[in-house]
Amino acid sequence: MASHSQSRPSLRSDRHLPSTKPAGTQVGGGGGVNQISGRSKAPGAKRSINAGLRASIDDDGADSGRVRVAVRLCPKNAEDLSHESNFVDCVELYPELKRLKLRKNNWISESYKFDEVLSENASQRRVYEVVAKPVVESVLNGYNGTVMAYGQTGTGKTYTIGHLGKDDSSERGIMVRAMEEILSNTSPLMDTVSISYLQLYLESIQDLLAPGKPNISISEDSKSGEVSMTGAAIFQIRDIQHFLELLQIGEANRHAANTKLNTESSRSHAILMVQVKRPSRVHEGNDFSSLENTATADLPTILKSKLVVVDLAGSERIDKSGSEGHMLEEAKFINLSLTCLGKCINALAENSPHIPTRDSKLTRLLRDSFGGHARTSLVITVGPSGINYSETASTIMFGQRAMKVVNSVKLKEEFDYESLCRKLEAQVDFLTSEMERQQKLGDSEKKDMEMRLKECEMSLAEAEKHLAMKEKHQLESSAFQNLLADTTQMYEEKVAEVIKQLEVEHSHIANLEEELVSVRQQLTDASNSLEWRAHEDRAANAESERQLRVLENNRRSDFWIEENCDSMKECGIDCGNLVPSSEKRSDFRKEDDSSSRWQKQQEAMDGQNLQLQEMSMKNEESARIIQSLETAKDEIFSEKNIAGDDVEESVIVGNEKDKKTLAPREKLK
Ligand code: ADP
Ligand code: MG
């Protein structure tokens, strides 16, 4: 139980559920339920729990932070039945109206409204669903929760809370069903569910799961206000069977302890504490301060909620101590905690400034359950028989007062330093291995780089060498080009000269040809005239021969006449006319001249033929020269072309073509 001023600043995220409605309403003689304004609206309320949970919590318009109280009527037991003839039932239930009528006598009765009214026929399942399920769901969502049974001994508190249902699972009580629900909604890999099971008797806490452990003390976290049992054994639950075994052990130990202490289980309180740790999955908003928010934005959070299930000792002592005149101090001695719980509930219900939480161990344990930050559900168990009217009335009044208590439900979310630590350790491991790997990688990369550097240096040297060669070649190339230009010019000049020479030769040949033609013409003419003359000469010769023959004949006759003239004269014949004259003799000489002139013409013709032969020879010589000049010209042209191509090629190919570029130069040389 917490006083109103106990909110302390901490890194813990205590998210409040909004208080949406007034706490409750007075029904009949039950008294009004005052809204405890200071609690109904928690100062840090910023976030509501999930819709499903809210639906179940807001059922019937109940305040989400208010202590919910259900009343359960137990079946009549043997004692009730034995007194049935003397005592009429004092309890009438109206479950639909969620009302209970408490009949004092035939004339006086009072009606009370509860959050749930459960008849003697209500199943354990139904009781769980209306009483505990919303709280369990709330716990699963990261809120603390308390389910508690309060009532007279024998009215079914243990049956409601702690029945194991070994023979019949439908008889399982709230503890088992709550654990079933928790286990089915948590992951063994991600979440942790652990329990402690304790008994509180005469202000002494015994560990029901480790009975040998002495001195279980209650400790409170000064920051969070969380209450824990120092030294209590904590068992992590694997499955429901494991839990049932632990509960059985606890029950056995409780029985043994009570026997040893010479008491009854009805005088001790059994407290099951279920701790649920789950990684926080919802981060829709939180109430961290902005500073915390920025500083811790990346920190993992964990939902660390606790379900406290309490099977209280029988409440009749307190009541009876008053009604039957027992010493209050004795009653307090017998069950100080229960008395103190009643006082605290009263104080809270009345909005008292002082809540005597620290007066008993039970109230210290339940400090979060009543007036604290837990969602609390209380089931009060009553018997029907009028014989227990006062106990029943007392229980009902307790329940009615408890309904007035409003808690400021807060999400129990903490920074998960453990998982953060684990994560950081894993991260450190990873980073260390990564660093080592990187270092190794770096070393090999360094080697690679060094090798590459060397290669680059070599390449650079090579490139520089090539560059120098290229420059050299370029210089050579330009020199060669100059040389080529000079050579080309020289060849061009040569070619021009040859062409000129050729032209001269051509003109010379043309002249010669003309001359040849004219000589031929002359020769032809001469030949013709020679032939004509020869013809004439032959005719003249023939004539001359004829004349010669005539003359010969004449001469012969003249000679004969001359020779015979004297004889003729002797014979009387005049032979004067017959002697040859001087003209005739010159004609004979003329014939001799003509013959020598023909001879001369023949000689001239021979001379001309000779000249013609010489000219032909010259002509042939000239043709030969022309031919050689043509050949020389072609060679010069081809050399020039080759030289040009080679120069171009040497310029393009550059360094690699050194030899080739030098070739034409060599050629030129
Ligand atoms: P308490 O713990 O309040 O002293 P118990 O739970 O021990 O009472 O119940 C006393 C007896 O009454 C038990 O035998 C229990 O089985 C029985 N009993 C109580 N409530 C019911 C119920 N609603 N239905 C059946 N049996 C019940
Ligand atoms: Mg009991």
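Predicted model: local features only at pLDDT ≥ 70, side-chain atom pairs only at ≥ 80, totals over all residues.
Among contacts between residues at least 6 apart in sequence, 76% join residues at least 24 apart. The accessible surface comes to about 36,300 Å², and carbon and sulfur atoms account for 52% of that area.

The residues around ligand 1 include R72, C74 and P75, together with the run Q152, T153, G154, T155, G156, K157, T158 and Y159. Which element gives the largest share of this shell? Helix α5 (residues 157-162) does, with 3 residues. Several polar atoms of the protein lie beside oxygen atoms of the ligand. For T158, a polar side-chain atom is 2.8 Å from an oxygen atom of ligand 1. For Y159, the atom concerned is a backbone N or O, at 2.7 Å from a ligand oxygen. T155 likewise places a backbone N or O atom 3.3 Å from an oxygen atom of ligand 1. On its own, ligand 1 has 550 Å² of accessible area, and the protein covers 64% of it.

Besides belonging to the residues around ligand 1, Q152 is touched by T395. T395 lies in helix α12. Is T395 buried or exposed? Its relative accessible area is 0%, so T395 counts as buried. Leaving out residues up to four places away in sequence, T395 touches Y150, G151, Q152, S315, I380, T381 and V382.

Y150 and F398 form it, with ring centres 3.5 Å apart and 5° between the planes, and the pair is stacked. Y150 belongs to strand β7 (residues 145-151) and F398 to helix α12 (residues 389-402), so the pair ties together parts 248 residues apart in sequence. Both Y150 and F398 are buried.

S369 sits in the loop between α11 (361-365) and β15 (375-382). What is the relative accessible area of S369? The value is 2%, and since buried means under 20%, S369 counts as buried. The side chain of S369 makes a polar contact with the side chain of T146, at 2.4 Å. Neighbours within four places in sequence aside, S369 is in contact with V67, T146, A374, T376 and N407.

The last element is helix α7, which covers residues 240-260. Does its end-to-end distance agree or disagree with its length in residues? At 1.5 Å a residue, its 21 residues should span 30 Å, and the end C-alpha atoms are 30 Å apart, so the two agree. The buried residues of α7 are H242, F243, L244, L246, L247, G250, N253, R254, A257 and N258. An α-helix has 3.6 residues a turn, so residues three or four places apart point the same way. The cover over the buried residues of α7 includes helix α6 (174-184) and the strands β8 (192-201), β9 (204-207), β12 (235-236), β13 (269-279) and β14 (301-311).

How values were computed
Residues numbered from 1 in each chain as written. Chains lettered and ligands numbered in written order. Heavy atoms only, no water. Helix = DSSP H or I, 4+ residues; strand = E, 2+ residues; numbered from the N terminus. Expected span 1.5 Å × (residues − 1). Buried < 20%, exposed > 50% of the residue type's maximum accessible area, 1.4 Å probe, protein only. Contact = heavy atoms within 4.5 Å. Phe/Tyr/Trp six-rings, centres within 6.5 Å; stacked < 30°, edge-to-face > 60°. Near = heavy atom within 4 Å. Polar contact = N/O pair within 3.5 Å; in protein donor to acceptor, adjacent residues only side chain to side chain. Areas by Shrake-Rupley, 256 points an atom, 1.4 Å probe, with all protein chains shown as cover.
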